[in-house]
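Hello,

Here is the structure we talked about handing over.

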Amino acid sequence: PEGIALFRQCAIDLVITDVRMPGLSGPEVLRALQAIRPGVPAIVMGGSGSIPSNGAQAFARQTGADRAFHKPFSIPELVGAISELLGAPRVGQEA
């Protein structure tokens with residue numbers, strides 16, 4: 001898979017993946033990436049029951065992600081999670 005090869009070659013700060021993809025699943029991709037470079041923050045997203053509605057964060061931990069989102073989700077929600085994971089101040093917060 002191209003994403004894993006790119007991850008090996010580039011300094012990637014954060015990974016965002018879907019649960020269901022052709023070829024490898026999101027959790028399979030996350031396991032492969034963590035084997036290459038442990039500790040890179042990750043967000044997994046899914047729809048149509050691919051992430052339990054009452055256990056998204058438990059699902060995230062099980063898959064090696066830091067956060068999990070049900071589709072559809074809001075852009076501010078995603079941006080907030082990215083900011084937290086990268087240690088950046090949120091919009092409207094001073095550094």
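The notes below go from the overall fold to single residues.

This is a predicted model: local features need pLDDT of at least 70, side-chain atom pairs count only at pLDDT 80 or more, and totals for chains, interfaces and linings use all residues. Numbering starts from 1 along each chain as its sequence is written, and side-chain values use heavy atoms, with hydrogens and water left out.

**Overall**

The chain has four helices and three strands. These are DSSP runs numbered from the N terminus: helices are H or I with at least four residues, strands are E with at least two. Along the sequence the pattern reads α-β-α-β-α-β-α. Of the 95 residues in the chain, 35% are buried. Buried means under 20% relative accessible area, exposed means over 50%, and partly exposed lies in between (1.4 Å probe, protein chains only). The accessible surface comes to about 5900 Å², and carbon and sulfur atoms hold 56% of that. Areas come from the Shrake-Rupley method with a 1.4 Å probe; for residues, only the protein chains shown count as cover. Now take the contacts in the chain with a separation of 6 or more: residues 24 or more positions apart account for 57% of them. Contact here means heavy atoms within 4.5 Å.

**The strands**

Start with strand β2, residues 42-46. Four of its five residues are buried, so β2 is largely enclosed by the rest of the structure. Strand β1 (residues 15-18) pairs with β2 in the parallel sense, over four bridges. Pairing requires that DSSP finds at least two bridges between two strands. Thr17 has Val44 in β2 as its bridge partner. From β1 the chain crosses through helix α2 (residues 26-36) to β2, and this β-α-β crossover is right-handed. That is, with the strands pointing away from the viewer, the path from the first strand over the helix to the second runs clockwise. Strand β3 (residues 67-70) also runs parallel to β2, joined by four bridges. Met45 stands opposite Phe69 in β3.

**Helix α2**

Which residues of α2 are buried? They are Gly26, Pro27, Val29, Leu30 and Leu33. They cover an arc of only 155 degrees around the axis, so they sit on the same side of α2. The arc is taken from the directions from the helix axis to the C-beta atoms. Arg31 and Ala35 are exposed, on the other side of α2. The cover over the buried residues of α2 includes α1 (2-9), β1, β2 and α3 (56-63).

**Aromatics and prolines**

The structure holds one aromatic pair. Phe69 and Phe73 form it, and it is tilted: 5.3 Å centre to centre, with 40 degrees between the planes. Rings of Phe, Tyr and Trp (its six-membered ring) pair if their centres lie within 6.5 Å; planes under 30 degrees apart count as stacked, over 60 as edge-to-face and the rest as tilted. Phe69 counts as buried because its relative accessibility is 8%. Phe73, at 22%, counts as partly exposed.

Pro72 lies in the loop between β3 and α4 (75-86). The peptide bond from Lys71 to Pro72 is cis, with omega near -5 degrees. Most peptide bonds are trans.

Pro38 is in the loop between α2 and β2. Its relative accessibility is 65%, so Pro38 counts as exposed. Pro38 and Gly64 are 26 residues apart in sequence and 9.9 Å apart in space, C-alpha to C-alpha.

Best regards
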